[in-house]
Amino acid sequence: MAVQIFVLGMHRSGTSAVTRLISLMGVTLGSPEAGIGANAENPKGFWERRDVIDLNEALLAECGSSWHSPLSFSLESIASVKLAAL
């Protein structure tokens with residue numbers, strides 16, 4: 001049985017650290033290519049998956065929001081056809 005685990009949190013709230021801890025406990029996060037990887041901001045690497053981040057950004061953009069300005073987010077403002085496509 002496959003179990004899906006989502007780590008939810010605001011930007012810069014420790015989601016990458018929590019995700020890394022979960023992986024150290026044996027949870028498979030997918031292929032290394034699925035993750036964000038390292039950059040100058042975090043040379044040890046981020047542990048979030050790119051596809052999940054892309055989905056989150058698409059949902060926010062669909063209703064005129066973004067990760068740094070989520071106040072206008074309303075799931076009801078996303079057309080059900082669009083939501084199903086995401």
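User: Buried means under 20% relative accessible area. What makes Ser-23 count as buried?

Analyst: Happy to walk through it, bearing in mind that this is a predicted model. Ser-23 has a relative accessibility of 16%, and the cut-off for buried is under 20%, so Ser-23 counts as buried. This serine is found in helix H1, and its side chain reaches the backbone oxygen of Arg-20 at 2.7 Å.

User: Why does Phe-6 count as exposed?

Analyst: Exposed requires over 50% relative accessible area. Phe-6 comes out at 54%, so the label exposed applies. Phe-6 sits in the segment before helix H1, which runs over residues 15–24. Together with Leu-8 and Val-52, Phe-6 forms a nonpolar surface patch of about 340 Å² accessible area.

User: What makes the contact between Arg-49 and Asp-51 a salt bridge?

Analyst: The test is a side-chain nitrogen of Lys or Arg within 4 Å of a carboxyl oxygen of Asp or Glu. For Arg-49 and Asp-51 the N to O distance is 2.8 Å, and the limit is 4 Å, so the pair qualifies. Arg-49 is partly exposed at 31% relative accessibility, and Asp-51 is partly exposed at 42%.

User: How many salt bridges does the structure hold?

Analyst: It holds two. Besides the Arg-49 and Asp-51 pair, Asp-54 forms a salt bridge with Arg-50, their closest N and O atoms being 3.3 Å apart. That distance too is within the 4 Å limit.

User: How are Asp-54 and Arg-50 placed in helix H2?

Analyst: They are four residues apart in H2 (residues 50–62), which means about one helical turn separates them.

User: How do you know that the span of H2 agrees with its 13 residues?

Analyst: At 1.5 Å a residue, those 13 residues should span 18 Å. The end C-alpha atoms of H2 are 18 Å apart, so the two values agree.

User: Which residues of H2 are buried, and how do you know that they are on the same side?

Analyst: The buried ones are Ile-53, Leu-59 and Leu-60. They cover an arc of only 125° around the axis, so they lie on the same side of H2.

User: What follows H2?

Analyst: Gly-64 does, with a positive phi near 80°.

Technical notes. Residues are numbered from 1 along each chain as its sequence is written. This is a predicted model: local features need pLDDT of at least 70, side-chain atom pairs count only at pLDDT 80 or more; totals for chains, interfaces and linings use all residues. Side-chain values use heavy atoms; hydrogens and water are left out. Patches are made of residues with over 30% relative accessible area and no salt bridge: like charges are joined within 9 Å, nonpolar side chains (Val, Leu, Ile, Met, Phe, Trp, Tyr) within 5 Å. Accessible areas come from the Shrake-Rupley method with a 1.4 Å probe; for residues, only the protein chains shown count as cover. Helices (H or I, at least four residues) and strands (E, at least two) are DSSP runs, numbered from the N terminus. Buried means under 20% relative accessible area, exposed over 50%, partly exposed in between (1.4 Å probe, protein chains only). A polar contact is a pair of N or O atoms within 3.5 Å; within protein, one must be able to donate a hydrogen and the other to accept it, and residues adjacent in sequence count only if both atoms are side-chain atoms. The expected span of a helix is 1.5 Å times one less than its number of residues. The arc is that of the directions from the helix axis to the C-beta atoms.
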